[in-house]
Structures are given as C-alpha cells and as structure tokens.
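Grab a pencil and work through the exercises below. Each one sets a task and then walks through a solution.

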Amino acid sequence: MLDFFKNFIYNIGMSKKAPYDRKDKQDKSVYRALVLVMQFGINMLVPIGAMSWLGILLDRKCGTSFFMVLFFFVGAVAGFQNIWRMARSVYEEKPGTQCKEESSGEQDLQSRQGDAEER
C-alpha cells in the first residue's frame, strides 16, 4: 500500500515536468533500434530495386531476359556490402562515448542554470 502512494506521488511530480524530461533512456534506445532496423532494410532494398529496375530497362531495350536476374544479384551483393559496413561501424563504436557526451551536456545545462540564478 505504501508503494502505491510512493508511485502515485512520484507520477504526480513527473507530470509537472516538461514533456522532454519525462523520456527515459530506454525510450531513446527503442527509437534507435527501430531506426537501425529501418536503415538495414533501406540499405538492402534500394540497391536491389535500383539494379532490378535497370536490368528490366536493359531487357526491354535489348530484347533479352537475363539482365534483370544478373542485376538483381549485383544489387543483392551491393546491399549486403552496405549492411556489412553499417553493422561493422555500429559495433565498433565505444559504448562509453555517448554517456560521456550526455553527462557533459547535463553539466553544461546545470552551469548555465547556475549562471542564470546568480544574475
């Protein structure tokens, strides 16, 4: 019962804060994960679609039927190469770099608020 009141009071205090203060770090990580998944899809589909379209155009122009298949596989290889590069760059990031940037931003904000209070 006491926990219920603690949570209730905490939620009342959170509702008075600005909307951007209510966001948790987990919310940001969910959005980052969604963006990453979308980037993987786009990096795979765009080369395949573009190369397939080019193959269809060449097939119509030349009267053949193998350019679309050939260019589809070229697009797939290019898409996999894009995904490989992006995944490698994501996993090579140092995990502590972002936390340092966020904490320095919070310190800057606190120092600005302290300066404003002194005035």
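**Exercise 1.** Is I42 buried, partly exposed or exposed?

*Solution.* Before starting, note that this is a predicted model, where local features need pLDDT of at least 70, side-chain atom pairs count only at pLDDT 80 or more, and totals for chains, interfaces and linings use all residues. Residues are numbered from 1 along each chain as its sequence is written, and side-chain values use heavy atoms, with hydrogens and water left out.

Step 1: get the cut-offs. Buried means under 20% relative accessible area, exposed means over 50%, and partly exposed is in between (1.4 Å probe, protein chains only).
Step 2: apply them. I42 has 48% relative accessibility, so I42 is partly exposed.
Step 3: I42 sits in helix α2, and its C-alpha lies 9.9 Å from that of N82, a residue 40 places away in sequence.

**Exercise 2.** Describe the overall build of the protein chain.

*Solution.* Step 1: list the elements. The chain has 4 helices and 0 strands, where helices (H or I, at least four residues) and strands (E, at least two) are DSSP runs numbered from the N terminus.
Step 1: look at burial. Of the 119 residues, 13% are buried.
Step 2: look at contacts, meaning heavy atoms within 4.5 Å. Take those between residues at least 6 apart in sequence: 56% of them join residues at least 24 apart.

**Exercise 3.** Work out how far to trust each part.

*Solution.* The chain's mean is 76, and 55% of its residues reach 70 or more.
Step 1: compare the elements. Helix α4 (residues 96-118) has the lowest mean, 56, while α3 has the highest, 93.
Step 2: keep a caution in mind. Where pLDDT is low, the predicted coordinates should not be read in detail.

**Exercise 4.** Find out what surrounds S52.

*Solution.* Step 1: S52 lies in helix α2, and it counts as buried because its relative accessible area is 9%.
Step 1: its side chain reaches the backbone oxygen of I48 at 2.8 Å. That is a polar contact (a pair of N or O atoms within 3.5 Å; within protein, one must be able to donate a hydrogen and the other to accept it, and residues adjacent in sequence count only if both atoms are side-chain atoms).
Step 2: leaving out residues up to four places away in sequence, S52 touches M68 and F72.

**Exercise 5.** Sort out the aromatic pairs.

*Solution.* Step 1: rings of Phe, Tyr and Trp (its six-membered ring) pair if their centres lie within 6.5 Å; planes under 30 degrees apart count as stacked, over 60 as edge-to-face and the rest as tilted.
Step 1: this gives 3 aromatic pairs. One of them, F66 with F67, is tilted, at 4.5 Å centre to centre and 35 degrees between the planes. Another, F72 with F73, is edge-to-face, at 5.5 Å and 80 degrees.
Step 2: F66, F67 and F71 form one aromatic cluster.

Notes:
pLDDT is the predictor's confidence in each residue, from 0 to 100.
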